[in-house]
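Subject: The model, and some notes on it

Hello,

Here is the structure I promised to pass on. My notes follow below it, with the cut-offs spelled out as they come up.

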Amino acid sequence: MEQRVSLITVGVEDPEAAAAFYEKIGWKRVDSPDGVIAFDLIGQTLGLYPLPALADEIGVDVGTLGRGALTLSYNCQSKEDVAQVLSKVQAAGAEVLKPASDVFWGGHHGYFRAPEGTVWEVAFNPFSPLAPDGAFRWNGYG
């Protein structure tokens, strides 16, 4: 697993209100048809996602996430890489919360909890292919 974070997803009660804050400080949204409000950063993307939907996607009770829940996302170059990364982090002591599986929006992902409690998503997003150096952009590189 390379040393990088691709996508920071923050579970929020009111995504539009949360987005309004970032827009007030000058950030610009990027197109996002799947219910995530996204802001491209330099080398990463910040995604705001409804907290109940995030809990449902991970497969845990919303109460276990608390307020301000977030996931750090590691995006892979291929669908097959997702299971390989999950296997590697599990061997290193992480708890796999959701094994690699296809997602309703057309990607492939799984989740793990690092030993200190941080929840990570490992994903392949065919609509946001990584640059050759692994850099991520919400809508991919052209």
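Let me start with Ser 6, which is buried, its relative accessible area being 1%. (Buried is under 20% relative accessible area, exposed is over 50%, and partly exposed is in between, with a 1.4 Å probe and protein chains only.) Before going further, please keep in mind that this is a predicted model, in which local features need pLDDT of at least 70 and side-chain atom pairs count only at pLDDT 80 or more, while totals for chains, interfaces and linings use all residues. Residues are numbered from 1 along each chain as its sequence is written, and side-chain values use heavy atoms, leaving out hydrogens and water.

Ser 6 and its surroundings

Ser 6 sits in the segment before β1. (Helices, H or I of at least four residues, and strands, E of at least two, are DSSP runs numbered from the N terminus.) The side chains of Ser 6 and Arg 4 are joined by a polar contact of 3.1 Å. (That term means a pair of N or O atoms within 3.5 Å; within protein, one must be able to donate a hydrogen and the other to accept it, and residues adjacent in sequence count only if both atoms are side-chain atoms.) Setting aside neighbours within four places in sequence, Ser 6 is in contact, meaning heavy atoms within 4.5 Å, with residues including Gly 43, Thr 45, Ser 73, Asn 75 and Phe 136.

The sheet

Seven strands make an open sheet with mixed pairing, in the order β2-β3-β1-β4-β7-β6-β5. (Two strands pair if DSSP finds at least two bridges between them.) β2 (37-40) and β5 (95-102) are at the edges with a single partner strand each, so one side of each has no neighbour in the sheet. From one strand to the next, the twist averages 20 degrees.

β1 is mostly covered, with five of its six residues buried. β1 runs parallel to β3, joined to it by six bridges, whereas β1 (residues 7-12) and β4 (residues 70-75) pair in the antiparallel sense over four bridges. Ile 8 stands opposite Leu 46 in β3 and opposite Leu 72 in β4. Leu 7 faces Ser 73 in β4.

Helix α2 (residues 51-58) lies across several strands, among them β1, β4 and β7 (119-124), and runs at about 95 degrees to β3 (45-50). (Axes are lines fitted to C-alpha atoms, for helices over the stretch in contact, and angles run from 0 to 180 degrees between N-to-C directions.)

Asn 125

Asn 125 is in the segment after β7 and counts as buried at 11% relative accessibility. A polar atom of the Asn 125 side chain lies 2.8 Å from the backbone nitrogen of Phe 127. Not counting residues up to four places away in sequence, Asn 125 touches Asn 75 and Trp 105.

What did the search of the whole structure find? One cavity of 30 Å³ or more turned up. (On a 1 Å grid over the protein atoms alone, a cavity is a set of points where a 1.4 Å probe fits but cannot get out, and a pocket is an open set with protein on both sides within 12 Å along at least five of seven lines; lining residues have an atom within 4 Å of a point.) The largest cavity holds about 230 Å³ of space. Of its 18 lining residues, Leu 7, Val 36, Trp 105, Glu 121 and Trp 138 are the closest to its centre.

The largest pocket holds about 150 Å³. (Grid points are joined across faces, edges and corners, and a volume is the space filled by probe spheres set on the points.) Its lining includes Leu 54, Ile 58, Leu 70 and Arg 113, and α2 and β4 are the elements giving two or more residues to it.

Best wishes
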